[in-house]
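Student: Please take me through one part of this model closely. I would like the sheet architecture, strand by strand, with the cut-offs behind each term.

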Amino acid sequence: MQKLKFSINGTKYEATVAEKEHNVAEVELNGKKYVVEVERAESVAMPHLPTPKHAPAAAPAAAPAAAPKAAVSANSITAPLPGSIISVNVKAGDAVKAGQTLLIIEAMKMENEVMAPTDGTVKAVHVSAGQAVQQGDALVDLA
């Protein structure tokens with residue numbers, strides 16, 4: 001189960017998402033429950049904008065080395081959406097309570113709190129502030 005807090009145009013929302021079957025999930029949004037069909041989509045890369053003809057072409061920048069991705073396990077909390085890690089609020093060995101904010105991901109200029117689904121102990125933290133993540137990447141492992 002994942003708990004999310006987010007805002008759209010200044011309106012705050014709280015959502016809980018629990019997968020029930022292969023393509024079915026139960027979503028609770030601000031206290032109202034929905035059963036939804038889930039489609040699994042791959043991430044879509046944004047197209048590059050063409051360089052204006054009057055501007056000199058910039059030298060290609062060296063691409064940063066991609067950090068090795070952590071294996072996703074049954075105890076992994078994964079990224080609910082692609083974005084950039086703003087802050088990590090826990091470290092390995094920390095005891096956490098259900099609903100406690102583990103880290104914050106920024107996506108589309110919105111900050112999304114990733115919360116502990118259950119009480120437990122942080123076994124491993126796979127990300128750091130400033131790191132880009134894709135949906136489904138392992139963020140934190142709980143024991």
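Tutor: Eight strands make an open sheet, ordered E4-E3-E2-E1-E9-E8-E6-E11, with antiparallel pairing. Its edge strands are E4 (32–37) and E11 (132–133), and each of these pairs on one side only. Strands (E, at least two residues) and helices (H or I, at least four) are DSSP runs, numbered from the N terminus. Two strands count as paired if DSSP finds at least two bridges between them. In general, strands of a sheet pair through backbone hydrogen bonds, either parallel or antiparallel.

This is a predicted model: local features need pLDDT of at least 70, side-chain atom pairs count only at pLDDT 80 or more, and totals for chains, interfaces and linings use all residues. Residues are numbered from 1 along each chain as its sequence is written, and side-chain values use heavy atoms, with hydrogens and water left out.

Take E1 (residues 2–8) next. E1 pairs with E2 (residues 11–21) in the antiparallel sense, over seven bridges. Isoleucine 8 has threonine 11 in E2 as its bridge partner. Two residues lie between the strands of this hairpin, and asparagine 9 takes a positive phi near 50° there.

E1 also pairs with E9 (residues 110–115). That pairing is antiparallel, over two bridges. Leucine 4 has valine 114 in E9 as its bridge partner. Lysine 5 stands opposite glutamate 113 of E9.

Now look inside E9. Asparagine 112 lies in this strand. Asparagine 112 is buried because its relative accessible area is 7%; buried means under 20%, exposed over 50%, and partly exposed in between, with a 1.4 Å probe and protein chains only. A polar atom of the asparagine 112 side chain lies 3.3 Å from the backbone oxygen of methionine 110. Leaving out residues up to four places away in sequence, asparagine 112 touches Lys5, Phe6, Leu81, Leu103, Ile104, Ile105 and Ala107. Contact here means heavy atoms within 4.5 Å.

There is also an open sheet of four strands. Its order is E5-E12-E10-E7, and the pairing is antiparallel. E5 (76–78) and E7 (95–96) are the edge strands, each pairing on one side only. Within this sheet, E10 (residues 120–125) and E12 pair in the antiparallel sense over three bridges. Valine 125 stands opposite valine 140 in E12.

Alanine 143 counts as exposed because its relative accessibility is 65%. Beyond residues up to four places away in sequence, alanine 143 touches Gly120, Thr121 and Lys123. The C-alpha atoms of alanine 143 and lysine 123 are separated by 5.7 Å, though the two residues are 20 apart along the chain.

Finally, confidence. pLDDT is the predictor's confidence in each residue, from 0 to 100. The protein has a mean pLDDT of 78, and 75% of its residues reach 70 or more. Among its elements, E7 has the highest mean pLDDT (94) and E1 the lowest (76). Residues 42–46 have pLDDT below 50, and beyond near neighbours in sequence this stretch has one contact in the model.

Definitions and conventions. Polar contact = N/O pair within 3.5 Å; in protein donor to acceptor, adjacent residues only side chain to side chain.
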